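Subject: Structure handover

Hello,

Here is the structure you asked about. Please open it alongside this note; my findings follow below.

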Amino acid sequence: MFASLRLTIAAFLALVAILANPAHASVPVVVASITPVHALVSGVMAGVGTPVLLVPPGQSPHTYTLRPSDARVLASAQTVFWIGDALETFLQGTLRSLSRAKAVSLLEAPGIIRLPIRSGGLWEHAGHTHHHHPEHGQHSHHHQGADPHIWLDPRNAVAMVNAIAHTLSEQDPDNAHTYRTNAANLQTRLRTLEEHIDHTLEPARHLPFLIFHDSIQYIENRFGLHAVGAITIDPSLPPGARHLGHIRETARHHRVSCLFAEPSSPRRTVTQIARETGTRTSELDPLGGGDPRETGYESYTQLMKDITASLTSCLTGQNTQHRH
């Protein structure tokens with residue numbers, strides 16, 4: 001009898017300990033749509049729990065299809081963080097049908113610098129908008145015309161972290177202190193990262209380049225880079241012959257030395273354009289997540305450093321081999 005009483009007391013004390021330490025209580029199910037969002041949510045949740053990633057690394061949110069397992073995770077989620085309609089088109093209808101989850105579009109977060117989608121594939125005066133236009137697109141209704149690759153500006157990452165911490169603190173007040181402390185720590189680290197990128201890109205600033213798909217406008221705007229055009233506006237459509245002719249003229253006129261492609265870009269087209277324009281080619285991945293050794297917030301740092309290294313090495317000529 002005493003043994004069973006001791007066991008009951010031990011169980012009761014264990015329960016009290018769990019209740020007294022909310023970090024071990026039931027952690028809310030938090031879902032992040034893509035790798036960069038997952039990295040920032042992971043940083044805010046450090047010490048409390050880990051968010052679930054929907055779109056696996058290497059897959060495009062433009063073409064992703066929800067699996068039954070994704071639908072189950074979303075049905076049990078308390079909070080879903082995504083960029084918005086313009087990027088994760090596969091989530092639009094699903095999020096509207098969720099009764100439990102609070103869906104947070106980070107494109108709409110306070111303090112986000114939104115740049116309008118560039119029209120056409122050639123920007124004659126591109127790159128001369130050097131450094132920061134926080135007023136761009138801020139007041140457009142629902143920001144339908146905003147470029148959704150917002151995470152590529154470290155200052156937007158700060159605004160995203162703030163919005164994530166605010167939402168999680170409301171949804172899970174027991175752990176609010178941890179979320180806020182983590183967010184403050186991440187802001188400091190993001191400012192340091194911005195300084196590092198700014199310094200690293202210094203020799204590449206103002207050197208003209210082409211990009212296969214217009215996806216890094218936020219890096220160009222923040223750090224004063226000089227993209228003169230994109231091969232394709234819609235990555236699902238091949239570029240037309242007339243546009244390719246204009247691209248070749250632009251490359252020669254600006255003495256473009258580098259063409260940047262993404263992992264999903266059609267290699268044959270990239271190689272052909274590089275050969276015809278005499279440019280080097282290099283690869284960059286705006287979504288990141290390719291390195292399985294980097295998880296949590298570190299995968300965001302890695303993503304930004306990888307893009308920075310690719311831009312710098314190709315533009316300054318340190319990258320002597322054709323990657324394609």
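Start at His149. Its side chain makes a polar contact with the side chain of Asp147, at 2.7 Å. Bear in mind that this is a predicted model, so every value here is computed from predicted coordinates.

Where does His149 sit? It is in the loop between strand E4 and helix H5. Is His149 buried or exposed? Its relative accessibility is 7%. The cut-off for buried is under 20%, so His149 counts as buried.

Which residues does His149 touch, once neighbours within four places in sequence are set aside? They are Leu87, His213, Asp214, Ser215 and Tyr218.

Now the sheet. Four strands form an open sheet, and the pairing is parallel. The order is E2-E1-E3-E4. E2 (52-53) and E4 (102-105) stand at the edges. Each has a single partner strand, so one side of each is left without a neighbour in the sheet.

Some detail on the pairings:

- E1 (residues 30-32) and E2 run parallel and are joined by two bridges. Val31 has Val52 in E2 as its bridge partner.
- E3 and E4 also run parallel, with four bridges joining them. Thr79 has Lys102 in E4 as its bridge partner.

Next, the helices around the sheet. H2 (residues 35-45) lies across E1, E2 and E3 (79-82). H2 runs at about 145° to E1. H5 (residues 154-171) packs on the sheet as well, touching E1, E3 and E4. The direction of H5 makes about 170° with that of E3. H5 is also the helix at one end of the loop that holds His149.

One more helix to look at is H4 (residues 92-97). Together with E3 and E4, H4 makes a right-handed β-α-β unit.

Finally, the whole chain:

- The protein chain has ten helices and eight strands.
- It has 324 residues, and buried residues make up 48% of them.
- Take the contacts between residues at least 6 apart in sequence: 69% of these join residues at least 24 apart.
- The accessible surface comes to about 15,600 Å². Carbon and sulfur atoms account for 56% of that surface.

If you want a viewing order, begin with His149 and Asp147. Then follow the loop to H5, and from H5 move on to the sheet.

Best wishes

Notes: Residues are numbered from 1 along each chain as its sequence is written. This is a predicted model: local features need pLDDT of at least 70, side-chain atom pairs count only at pLDDT 80 or more; totals for chains, interfaces and linings use all residues. Side-chain values use heavy atoms; hydrogens and water are left out. Two strands pair if DSSP finds at least two bridges between them. Contact means heavy atoms within 4.5 Å. Axes are lines fitted to C-alpha atoms, for helices over the stretch in contact, and angles run from 0 to 180 degrees between N-to-C directions. Buried means under 20% relative accessible area, exposed over 50%, partly exposed in between (1.4 Å probe, protein chains only). A polar contact is a pair of N or O atoms within 3.5 Å; within protein, one must be able to donate a hydrogen and the other to accept it, and residues adjacent in sequence count only if both atoms are side-chain atoms. A crossover is right-handed if, with the strands pointing away from the viewer, the path from the first strand over the helix to the second runs clockwise. Accessible areas come from the Shrake-Rupley method with a 1.4 Å probe; for residues, only the protein chains shown count as cover.
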